[in-house]
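My entries follow in the order I made them.

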Amino acid sequence: MARTLYWECSSGLSGDMAVASLLDLGASEEVLRKALDSLLLQGFEIRISRVKKQGIDACDFDVVLDKKHDNHDHDMHYLYDHLSKERLSKAEQTGSCAHAHSQESTQRNAHEHAHEHAHEHRGLFDIYELIDAADITERARATAKKVFRILAEAEAKAHATSLEKVHFHEVGTLDSIADIVAAAVCLDDLDIEEVIIPSLYDGYGSIRCQHGIIPVPVPAVVNIIQAHRLPLTILPIQGELLTPTGAALAAAVRTQTELPDAFVVERVGIGAGKREYETSGVVRAFLFAEE
């Protein structure tokens with residue numbers, strides 16, 4: 001039987017928080033691991049555990065990257081890569097590198113540089129290919145693609161470029177790919193068809209990224225909430241509570257903004273965030289039936 005999910009996001013929302021709440025709600029860990037194992041990706045593993053957030057017991061979903069891929073702050077970076085596919089292709093073909101000091105080091109550095117960007121800064125259509133090859137249901141596949149497209153459109157607008165040319169760290173890294181595919185698989189496994197999100201919440205101030213200091217809510221989040229008319233509440237908390245991945249996931253799956261007057265809670269899942277702010281640092285997922 002299809003179910004209704006209510007996501008209570010008063011401490012913000014990120015990809016890992018969403019996945020953790022769905023696992024706590026009863027989504028199959030076995031199904032999730034099988035799906036992520038089927039991605040044509042290496043360099044990460046997932047860990048699922050229990051943690052306490054301000055005394056609240058919660059599920060923690062962690063995409064653990066190896067040293068080569070670690071961005072040191074899960075789902076935090078809002079980075080943009082200006083290396084186009086054409087430049088990457090040329091570098092691979094010629095073996096050239098601007099910082100080389102010998103022919104041998106030139107070829108080695110060009111190969112490593114191309115390898116790094118091919119894996120760290122994937123474009124939207126590169127990610128579509130990964131999703132198409134994954135062993136997941138068609139519904140989960142469609143959800144994951146929708147989330148990535150929403151995020152790509154927001155990044156393209158932020159950087160005044162096209163979907164074909166945008167290459168961005170936030171979506172291209174392994175942890176973001178794992179988070180989004182995992183969320184899509186868990187929603188499908190729980191047979192969620194209606195998702196209620198009355199409001200999203202974020203902090204204020206600024207964060208540092210690859211290109212300097214940017215305001216909170218970050219530009220990609222602002223573009224998503226504008227394009228998809230997502231209600232947003234700014235809390236008196238300095239810091240980023242709502243990530244671009246979290247906003248894109250909400251935009252992709254939200255079907256309602258109003259809670260029913262009365263409902264029966266069938267199950268509650270609590271997902272932990274990684275950051276410590278003046279909030280509980282969790283997202284709560286409720287499965288319920290209307291009275």
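I counted a contact wherever heavy atoms lie within 4.5 Å. On that basis, residues 24 or more positions apart account for 74% of the contacts in the chain with a separation of 6 or more.

Notes on the source. The model is predicted, so I kept local features only at pLDDT of at least 70 and side-chain atom pairs only at pLDDT 80 or more, while totals for chains, interfaces and linings use all residues. Residues are numbered from 1 along each chain as its sequence is written, and side-chain values use heavy atoms, with hydrogens and water left out.

Whole chain. I found 10 helices and 11 strands; these are DSSP runs numbered from the N terminus, helices being H or I of at least four residues and strands E of at least two. I called a residue buried under 20% relative accessible area, exposed over 50% and partly exposed in between, using a 1.4 Å probe and protein chains only. Of the 291 residues, 55% count as buried. The accessible surface comes to about 13500 Å², and 48% of that belongs to carbon and sulfur atoms. I took the areas from the Shrake-Rupley method with a 1.4 Å probe; for residues, only the protein chains shown count as cover.

S21. I located S21 in helix 1 (residues 15-25). Is S21 buried or exposed? S21 is buried, because its relative accessible area is 0%. Setting aside neighbours within four places in sequence, I listed its contacts as W7, G269, I270, G271, V283 and A285. The side chains of S21 and W7 are also joined by a polar contact of 3.0 Å. For that term I required a pair of N or O atoms within 3.5 Å; within protein, one must be able to donate a hydrogen and the other to accept it, and residues adjacent in sequence count only if both atoms are side-chain atoms.

E29. I placed E29 in helix 2 (residues 29-37). At 36% relative accessibility, E29 is partly exposed. Beyond four places in sequence, E29 touches L23 and I48. I also noted C186, 157 residues away from E29 in sequence but 8.6 Å away in space, C-alpha to C-alpha.

Aromatic pairs. How many aromatic pairs does the structure hold? I found three. One of them is F125 with Y128, edge-to-face at 5.8 Å centre to centre and 85 degrees between the planes. Rings of Phe, Tyr and Trp (its six-membered ring) pair if their centres lie within 6.5 Å; planes under 30 degrees apart are stacked, over 60 edge-to-face and the rest tilted. F125 and Y128 are about one helical turn apart because they are three residues apart in helix 5 (residues 124-133). F125 is partly exposed at 30%, whereas Y128 is buried at 15%. The charged end of K145 sits over the ring of Y128, 5.2 Å from its centre; I required NZ of Lys or CZ of Arg within 6 Å of the ring centre and within 35 degrees of the ring normal.

Strand 7. I took two strands as paired if DSSP finds at least two bridges between them. Strand 7 (residues 200-209) runs parallel to strand 9 (residues 232-238), with four bridges; L200 has L232 as its bridge partner there. With strand 8 (residues 212-216) the pairing is antiparallel over five bridges, and R208 stands opposite I213.

Helix 9. The buried residues of helix 9 (residues 219-227) are A220, V221, N223, I224 and I225. They pack against helix 6 (138-158), strand 7, strand 9 and helix 10 (244-253). After helix 9 comes R229, with a positive phi near 50 degrees.
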